[in-house]
Amino acid sequence: PSEAMEYFKLMCSGKEEGKPWCLRAKMDMSSDNGTLRDPVLYRQNTTPHHRSGTKYKAYPTYDLACPIVDSIEGVTHALRTTEYDDRNAQYQNISKMLGLRRVRIQTFARMNFMYTVMSKRKLTWFVDTGRVTGWDDPRMPTVRGVARRGINVQALKNFMTSQGASRRIVNMEWSKFWAENKKEIDKYAKRFMAIDKADHVGLTVTNGGDGTDFLTTDYLPKDPSFGKRLVRIGKKVLLEAVDAEGITVGENIVLTRWGVVEITKVEGGLEGKFIPDGDVKAAKRKISWIADVPGNTPVILSEFDNLISKDKLEEDDKFEDYINPDTEADTEVIGDAGLKTLKEHDIIQLERRGFYRVDRAYVNESKPLKLFMIPDGKKKAMSGLDGKLAHR
């Protein structure tokens with residue numbers, strides 16, 4: 001024992017000659033469970049600690065620390081994943097040897113997601129190699145990552161409790177995760193409109209006014225208690241190019257939240273006449289639009305895809321061989337003036353485009369509003385306005 005203590009002190013000194021030594025437990029070398037033979041309990045580690053610095057040069061292993069900390073801190077049930085099944089007997093053995101209060105172990109399986117790696121070691125590789133901006137990158141399967149992408153806290157809780165503590169490992173599709181989120185954010189996401197800056201067409205509404213008039217509409221059509229917003233109307237209107245395809249003279253279209261416009265000219269530029277009492281239900285096309293007037297908001301829409309290109313990695317797969325090269329895309333759009341009032345973290349819906357989280361509030365023309373697209377659980381976009389990346 002005295003010789004062992006000398007080696008233990010040498011190990012704890014941080015000296016190079018103490019590096020080869022470690023403290024092991026004497027258990028049962030004949031045990032079929034390898035963790036119950038002579039597990040390592042203490043070893044040298046000279047890496048500065050984030051709190052204590054270089055005060056200590058040796059530390060207990062996870063196997064020794066867990067039963068001690070859980071017991072003295074009042075933990076009643078230790079929740080451990082199935083990968084620790086072999087070590088649960090060791091946990092209880094160490095607790096008994098040290099005379100600690102018994103802690104019950106509740107085992108559950110890890111949840112995996114398609115097109116995703118969950119290992120902290122592998123995720124660290126993405127951070128260290130610069131393939132993501134950090135642990136809060138919206139492409140990362142971390143709490144900070146999905147929060148930045150737009151997850152609602154209550155939706156996250158609902159999803160986790162709905163899965164339960166199963167012992168069966170499952171590979172979950174992200175669509176189920178985001179569908180649960182949509183149920184929550186749809187209750188309060190205020191509605192706005194925006195048109196693609198590069199891919200749009202003009203419509204002249206001959207009786208649309210000089211651009212100084214406004215109409216009022218509910219922020220949330222299903223819940224008027226959220227208030228109303230002002231929408232600028234005028235003679236010059238911008239439409240999505242995809243929405244204008246195939247429009248014919250004499251056709252009635254609906255400009256969402258405004259009303260019916262009868263198309264009077266197609267060749268050489270779209271023209272139409274606003275019909276105050278037009279039949280909204282009879283028109284087949286219901287189109288997003290925005291008045292082409294000063295004061296509109298420049299917006300950058302960012303959408304994201306999964307970091308991994310294979311749906312499920314096998315044990316022999318090297319994840320580095322399945323890195324998705326296209327995981328981020330931006331689209332510039334022109335939004336209505338009301339978007340300038342948004343603050344960071346606000347959740348909104350751009351009608352017929354989808355839900356978005358404000359990652360950067362509007363500052364000026366050179367620092368426009370930046371919105372992150374929030375998946376809605378659908379593999380196909382909400383309308384004909386498809387994004388640039390896959391909806392998975």
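Guide: Two strands count as paired if DSSP finds at least two bridges between them. The model shown here is predicted.

Visitor: What makes strand 22 and strand 23 a pair?

Guide: Strand 22 and strand 23 (residues 369–374) are joined by 5 bridges and run antiparallel. At least two bridges are required, so these strands pair.

Visitor: Why is strand 22 called largely enclosed?

Guide: A residue is buried when its relative accessible area is under 20%. In strand 22 (residues 354–360), 6 of the 7 residues are buried, so the strand is largely enclosed by the rest of the structure.

Visitor: Is arginine 353 buried or exposed, and how do you know?

Guide: Arginine 353 has a relative accessible area of 11%. The cut-off for buried is under 20%, so arginine 353 is buried. This residue lies in the loop between strand 21 and strand 22.

Visitor: What makes the meeting of arginine 353 and glutamate 240 a polar contact?

Guide: The side chains of arginine 353 and glutamate 240 make this contact at 2.7 Å. The limit for a pair of N or O atoms is within 3.5 Å, and the contact at 2.7 Å is counted as polar.

Visitor: Why is histidine 345 called exposed?

Guide: Exposed means over 50% relative accessible area. Histidine 345 has 52%, so it counts as exposed. Its place is in the loop between strand 20 (328–335) and strand 21 (347–350).

Visitor: Why does arginine 257 count as partly exposed?

Guide: Partly exposed covers the range between the buried cut-off of under 20% and the exposed cut-off of over 50%. Arginine 257 has 34% relative accessibility, so it counts as partly exposed. Arginine 257 lies in the loop between strand 14 (252–255) and strand 15 (259–265), and its phi is near 75 degrees, again positive in a residue other than glycine.

Visitor: What makes strand 17 and strand 18 edge strands?

Guide: They belong to an open sheet of 7 strands in the order 17-14-15-16-10-13-18, with mixed pairing. Strand 17 (285–287) and strand 18 (289–291) each have a single partner strand, so one side of each is left without a neighbour in the sheet. The twist averages 40 degrees from one strand to the next. Within this sheet, strand 15 and strand 16 (residues 270–275) run antiparallel and are joined by 5 bridges; valine 261 stands opposite phenylalanine 274 in strand 16.

Visitor: Why are strand 1 and strand 3 said to stand at the edges?

Guide: An open sheet of 3 strands has the order 1-2-3, with antiparallel pairing. Strand 1 (22–24) and strand 3 (58–60) each have a single partner strand, so one side of each lacks a neighbour in the sheet. On average, neighbouring strands here are turned by 15 degrees against each other, direction ignored. Helix 1 (residues 2–13) packs on this sheet and touches strand 1, strand 2 and strand 3.

Notes
Residues numbered from 1 in each chain as written. Predicted model: local features only at pLDDT ≥ 70, side-chain atom pairs only at ≥ 80, totals over all residues. Heavy atoms only, no water. Helix = DSSP H or I, 4+ residues; strand = E, 2+ residues; numbered from the N terminus. Axes fitted to C-alpha atoms, helices over the stretch in contact; angles between N-to-C directions. Contact = heavy atoms within 4.5 Å. Buried < 20%, exposed > 50% of the residue type's maximum accessible area, 1.4 Å probe, protein only. Polar contact = N/O pair within 3.5 Å; in protein donor to acceptor, adjacent residues only side chain to side chain.
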